[in-house]
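Me: I have a model to go through with you. Can we take it question by question?

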Amino acid sequence: MVSIPQIPKPAHTLVDSMLSRHFGRETVNYFSSSPINRLSFLRSDHPFLSTALQHPSARFVLLNNLAPLTTASTQLHLAKYEDVRPLVPQDTYDTSEDDMLKNFDSRKTQATLIFLGLDEGRKEGGLAFKVYQGTPYFAVDVTPRGSEQQQAAAKEVIGAVEAKGLSFFQARVHMTFSADEAAIYAQARALMDWNARNTFCGTCGHRTLAIQSGTKRACPPTDAARVAEGTTVERPECNTRTTLSNLSFPRTDPTIIVAVVSTDGKRVLLGRNKRFPPNFYSTLAGFIEPAESVEDAVRREVWEESGVTLSRVVIHSSQPWPYPANLMIGALAQVSDPEHEKISLQHDPELEDARWVEVEEVEEALRIGASNLGADAGTEYKGGLRLPPSTAIANQLIRAAISAEYFGSDKQSKM
């Protein structure tokens, strides 16, 4: 039986401060609070990256079509450099970024390699660089793609790790890793997916080049594949090279997710999507649109999906969601007038059902009916109301919605 992963518990959430006394302890969600210091300012320091890549302590997250290499469905496997050597040459960082751009040849492809950062909690035997010390982490795309040489190397790497009994865990959503592993995987997956989607420039359509160790992409001004009488030909002009926007940065799409409380504070608004398994309900969510505040997006999405009109909206916590690159901004909200609690599904047809649920029923469901979205799908569920697991921010929001800490109820939640 798979145990429920731990929710991150970083040290700062336990420290007393004026803000924590006023607003309560900070809520930390699954996929967040990575143990890795990203050291983003060193991503273009190739001497440092070269040392990190070849250091004996270096560890690698391997992704094959975004599926992570695991020892089991519940444990992320961290490979060593010897495992990826056929795909990642030791001299990968021997060339400066300026020379990489100057000598770009679109005919030559290489596996995406991303520097994730240093795990400073694992200093013993780790890399020491200036004031930083820890275990270097990288992510490698081992998907067989690109040139024939790259594909052959990728297949060699895949064959070797699978021969050791390891496997690439295929799942729509991975929520069975430990808290630290989940955060590391989320970073690796989101950046790898972004690189795969941006191999061509969105402005001129030509092939791009990964720089800053896989965290940015550039549109080179020349391409050795375009030659005339042995001379490299410049590419057509591209707006991405004329201003400070000469780089393509990884994107994050903000979304809201909200637990709504009734006027009297005794009920919580929950919705049901058509694809949910039997009895499964969750909080309402949706994308934030351009020129829209978080609070406005909460009010709009709740009204569009359920017809309920909100008053006060408070931001509660957030959760990275690497499918492919969302940031779930969690909120709590309340209806100020009973007249505004009327549910109507006539606007946006996204929900199959929405209903107000008594706090007592929510408390019972949190005790016995919290489970993964896909678990037991299509089978008869023995309990009543079914809610998202603790690894989902929706669960944290629902708990907050029935907690006296936020709504001043005379009755403390039993959760």
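Me: Is C238 buried or exposed?
Reply: This is a predicted model, and the call rests on computed accessibility. Buried means under 20% relative accessible area. C238 comes out at 2%, so C238 counts as buried.

Me: Which cysteine sulfur is nearest to that of C238, and how far away is it?
Reply: C238 is in no disulfide. A disulfide needs the two sulfur atoms within 2.5 Å. The nearest cysteine sulfur belongs to C201, at 3.7 Å.

Me: How many disulfides does a search of the whole structure find?
Reply: C201 is in no disulfide either; its nearest cysteine sulfur is that of C238. C201 has 10% relative accessibility, so C201 counts as buried. Over the whole structure, the number of disulfides found is zero.

Me: Which element gives the largest share of the largest nonpolar core?
Reply: That core has 33 residues, and F48, F60, L62 and L87 have the most contacts inside it. Elements giving two or more residues include α2 (46–54), β2 (59–64), β8 (132–141) and α5 (148–163). The largest share is five residues, and it comes from α5.

Me: How many residues are in the other core, the one with L366?
Reply: This core lies apart from the largest one. Among its residues are L366, L385, A394 and A400. Its size is 22 residues.

Me: What span should α5 have, and how far apart are its end C-alpha atoms?
Reply: α5 has 16 residues. At 1.5 Å a residue, they should span 22 Å. The end C-alpha atoms agree with that, at 22 Å.

Me: How wide an arc do the buried residues of α5 cover around the axis?
Reply: The buried residues of α5 are Q150, A153, A154, V157, I158 and V161. An α-helix has 3.6 residues a turn, so residues three or four places apart point the same way.

Me: Which exposed residues does the opposite face of α5 carry?
Reply: The buried residues of α5 pack against β2, β3, α3 and β9 (167–168). The other face is turned away from that buried side. Its exposed residues are E148, Q149, K155 and A163.

Me: Which residue with a positive phi follows α5?
Reply: Look just past the helix. The phi there is positive, near 90°. The residue is G165.

Me: What kind of ring pair do F31 and W321 form?
Reply: F31 lies in the loop between α1 (18–23) and β1 (36–37), and W321 in strand β18, so the pair ties together parts 290 residues apart in sequence. The ring centres are 5.7 Å apart. Planes over 60 degrees apart count as edge-to-face. These planes are at 75°, so the pair is edge-to-face.

Me: And what kind of pair do F41 and Y132 form?
Reply: F41 is in the loop between β1 and α2, Y132 in strand β8. Their ring centres are 5.8 Å apart. The planes are at 50°, so the pair is tilted.

Me: Which residues is S336 in contact with, leaving aside its neighbours within four places in sequence?
Reply: S336 sits in the loop between β19 (326–334) and β20 (351–358). Its relative accessible area is 48%, so S336 is partly exposed. Its contacts are T263 and S311.

Conventions. Residues numbered from 1 in each chain as written. Predicted model: local features only at pLDDT ≥ 70, side-chain atom pairs only at ≥ 80, totals over all residues. Heavy atoms only, no water. Core = buried A, V, L, I, M, F, W, Y, C linked by side-chain atoms within 4.5 Å. Buried < 20%, exposed > 50% of the residue type's maximum accessible area, 1.4 Å probe, protein only. Helix = DSSP H or I, 4+ residues; strand = E, 2+ residues; numbered from the N terminus. Expected span 1.5 Å × (residues − 1). Contact = heavy atoms within 4.5 Å. Phe/Tyr/Trp six-rings, centres within 6.5 Å; stacked < 30°, edge-to-face > 60°.
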